[in-house]
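User: Can you help me go through this model? I have a few quick things to ask.
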Amino acid sequence: MRSVYYERQGTAAEVLVFGDVPRPEPAAGEVLVRIHVSGINPSDIKNRTGFVSKMAFPRIIPHQDGAGIIEAVGEGVAPERVGERVWVFEAQTKRPGGTAAEYTTVPSGNAVRLPDVASFETGAALGVPAMTAHRCLFADGELRGRRVLVQGGAGAVGSAAIQLAKWSGAWVAATVRRPEQREVARQAGADLVVDHGNADLARIIKAESMNDGVDRIVEVDLASNLEIDLACLANGGAISAYATHGAAVKVPVPVLASMFLNGAVRFVYVYTMPVAAKRRAIGDITECLKAQAYDPKIGLVLPLSRTVEGHVAVEAGLVGKALIKVADE
């Protein structure tokens, strides 16, 4: 089968190879998925560069997320699943074969039925961003009638957080860094979009929330934003941090100010989320899709042979999701 793979870590241009590799077969409890669209996440970049860890396998087919059709099942999986449209998550977690290929095998539970109203492109944009956003939003309770601040509202996780929060009945504010990102956050459904560098950010957020502040903050850069987050947080609120720019980054927390707020800082890493949290995320994401309330911004679609360009675009700060069209190349 055609695939993109690497056998050493490094830059995209140096290590990503487009070529043929053996097609996998599903083991017990697994399904074989014919990938139509593969999604690129920042964590895929970090795995390739060695940011997270050294290579666990001699050859890796990258990408955790994708969407396609189940073509075969392993022992113990209902044969009725053959022909099912699915979105795939964590395809390359603790495994060598991700979705940057014509076929991938995953545990049956990692291939989730894709509602008919959702395209394969939408399905490939779920996984990491949608499940991360869900954990950030719902780990500390329901959101209906609550207020949410999304730091970095134009990013993949940020945009997913806006849409899931609005679907759940929350009021949502979002910050952006560049002018072209404002419309992305607005289209995702943000009630308020504020420039990240605005010196009056906390005052604006407080004014829009009757001086109570926000109940949840979805945070892309806790080290830089903690002070402003605390200034925006409501009593009893929670900040959920899901990303870091460096493996050794440390964040000094002002204890007394946080105590006065009865506030919490939660750290979210999608790959080690509790199983129960993943199941709830899958259920809610499915309902959001059925309601046609999830429409990710697609920034780039490339054929499998041009995957290197997709990785470079993500590293350069592409606005919107980078997708690889596998089936129709």
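User: Which residue in strand 10 is the bridge partner of valine 176?
Analyst: The partner is aspartate 195, and strand 10 pairs with strand 9 (residues 171-176) in the parallel sense over four bridges; pairing requires at least two DSSP bridges. This is a predicted model, in which local features need pLDDT of at least 70, side-chain atom pairs need 80 or more, and totals for chains, interfaces and linings use all residues. Residues are numbered from 1 along each chain, and side-chain values use heavy atoms, without hydrogens or water.
User: What order do the strands of that sheet have?
Analyst: The open sheet has six strands in the order 10-9-8-11-12-13, paired in parallel, with strand 10 (192-195) and strand 13 (264-267) as the edges, each pairing on one side only. Strands (E, at least two residues) and helices (H or I, at least four) are DSSP runs numbered from the N terminus.
User: Which strands does helix 7 touch?
Analyst: Helix 7 (residues 201-208) packs on the sheet against strands 8, 9, 10 and 11, and its direction makes about 165° with that of strand 10; angles run from 0 to 180 degrees between N-to-C directions, with axes fitted to C-alpha atoms, for helices over the stretch in contact.
User: Switching topic, at what angle do helix 2 and helix 11 cross?
Analyst: The axes of helix 2 (residues 42-49) and helix 11 (residues 307-315) cross at roughly 105° and come within 10 Å, which makes the two helices roughly perpendicular (65 to 115 degrees).
User: Which residues meet there?
Analyst: Pro42, Ile45, Arg48 and Thr49 of helix 2 meet His311, Val314 and Glu315 of helix 11, with contact meaning heavy atoms within 4.5 Å.

Notes:
Parallel < 35°, antiparallel > 145°, perpendicular 65-115°, else oblique.
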